[in-house]
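Please read the following note alongside the sequence and the model. It is written for a student meeting such a structure for the first time.

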Amino acid sequence: MVTSPSFPLATSRIVCVVGLSLCIVVAVGLGLISAALAIGWPHILIEATEKGMTAKVAGLQPWLSLVIAGAAVILALTAAVFSNLLTVLDGVSHGNPFTVGNSLRLRRIGWIILGIQATGFVTGLAGHAIANRTDIGSGFEFSFTGLLAALLAFVLAEVFEQARRLRDDLEGTV
């Protein structure tokens, strides 16, 4: 049964497509910046030394690369959430949300969100290492909202699975 998507579903789809596109573009850009920083660091260090800034920049490259790479990984994981959510939205808009695939996708989203939290924690530690050596602040913090989102995804996955089983049982009795 195909119905025209409601305004919230259509809007959610647009947000997911835009979010997915932005995450991919920015993640690739950050990955390239991280690689360029790792390759070009000796030249940056030489120039900084010539300007008398050795104490400020010496030893920062691994931390900077880790923070930038961590941000790229977080964005790539977020893109995976958007991608899975788009597939779930397709099932919802076609009137068949309660499938094994959708419950697996929701469970996957929960695990990905936990991965984002773990990556953010490690990236935050690297950011604090930079903050301790420079005047640059660290913007990564632990998020209870992220843990709540993961928990919600896991619960919703179980709800979808139980609804699918109930629907299958009902179809078997008719």
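The points below go from the overall fold to individual residues.

1. Basis of the note. This is a predicted model, in which local features need pLDDT of at least 70 and side-chain atom pairs count only at pLDDT 80 or more, while totals for chains, interfaces and linings use all residues. Residues are numbered from 1 along each chain as its sequence is written, and side-chain values use heavy atoms, with hydrogens and water left out.

2. Confidence. The term pLDDT denotes the predictor's confidence in each residue, on a scale from 0 to 100. For this protein the mean pLDDT is 85, and 85% of the residues reach 70 or more. Where pLDDT is low, the predicted coordinates should not be read in detail.

3. Overall fold. The protein has five helices and zero strands, and from the N terminus its elements run α-α-α-α-α. Helices (H or I, at least four residues) and strands (E, at least two) are DSSP runs, numbered from the N terminus. Among contacts between residues at least 6 apart in sequence, 80% join residues at least 24 apart; a contact means heavy atoms within 4.5 Å.

4. Surface and burial. The protein exposes about 10,500 Å², of which carbon and sulfur atoms supply 73%. Accessible areas come from the Shrake-Rupley method with a 1.4 Å probe, and for residues only the protein chains shown count as cover. Of the 174 residues, 33% count as buried. Buried means under 20% relative accessible area, exposed means over 50%, and partly exposed lies in between (1.4 Å probe, protein chains only).

5. Cys23, in helix 1. Which residues does Cys23 contact, leaving aside its neighbours within four places in sequence? They are Leu75, Thr78, Ala79 and Phe82. Cys23 lies in helix 1 (residues 7-50) and is buried, with a relative accessible area of 8%.

6. Ser93, in helix 3. Ser93 is found in helix 3. With a relative accessible area of 15%, Ser93 is buried. Its side chain reaches the backbone oxygen of Asp90 at 3.0 Å.

7. Gln117, in helix 4. Gln117 lies in helix 4. At 15% relative accessibility, Gln117 counts as buried. Not counting residues up to four places away in sequence, Gln117 touches Ser143, Gly146 and Leu147.

8. The nonpolar patch. Leu66, Phe121, Val122 and Leu125 make a nonpolar surface patch of about 360 Å². Patches are made of residues with over 30% relative accessible area and no salt bridge; like charges are joined within 9 Å, and nonpolar side chains (Val, Leu, Ile, Met, Phe, Trp, Tyr) within 5 Å. Helix 4 contributes the largest share of the patch, three residues. One of the patch residues, Val122, is found in helix 4 and counts as partly exposed at 44% relative accessibility.

9. Salt bridges. A salt bridge is a side-chain nitrogen of Lys or Arg within 4 Å of a carboxyl oxygen of Asp or Glu. By this rule the count comes to eight. One of them joins the side chains of Arg107 and Glu158, at 3.5 Å from N to O. Arg107 lies in helix 4 (residues 100-133) and Glu158 in helix 5 (residues 144-173), so the pair ties together parts that are 51 residues apart in sequence. Both partners are partly exposed: Arg107 at 27% relative accessibility and Glu158 at 33%.

10. Asp168 is partly exposed, with a relative accessible area of 32%, and Arg167 counts as partly exposed at 27%.

Conventions
A polar contact is a pair of N or O atoms within 3.5 Å; within protein, one must be able to donate a hydrogen and the other to accept it, and residues adjacent in sequence count only if both atoms are side-chain atoms.
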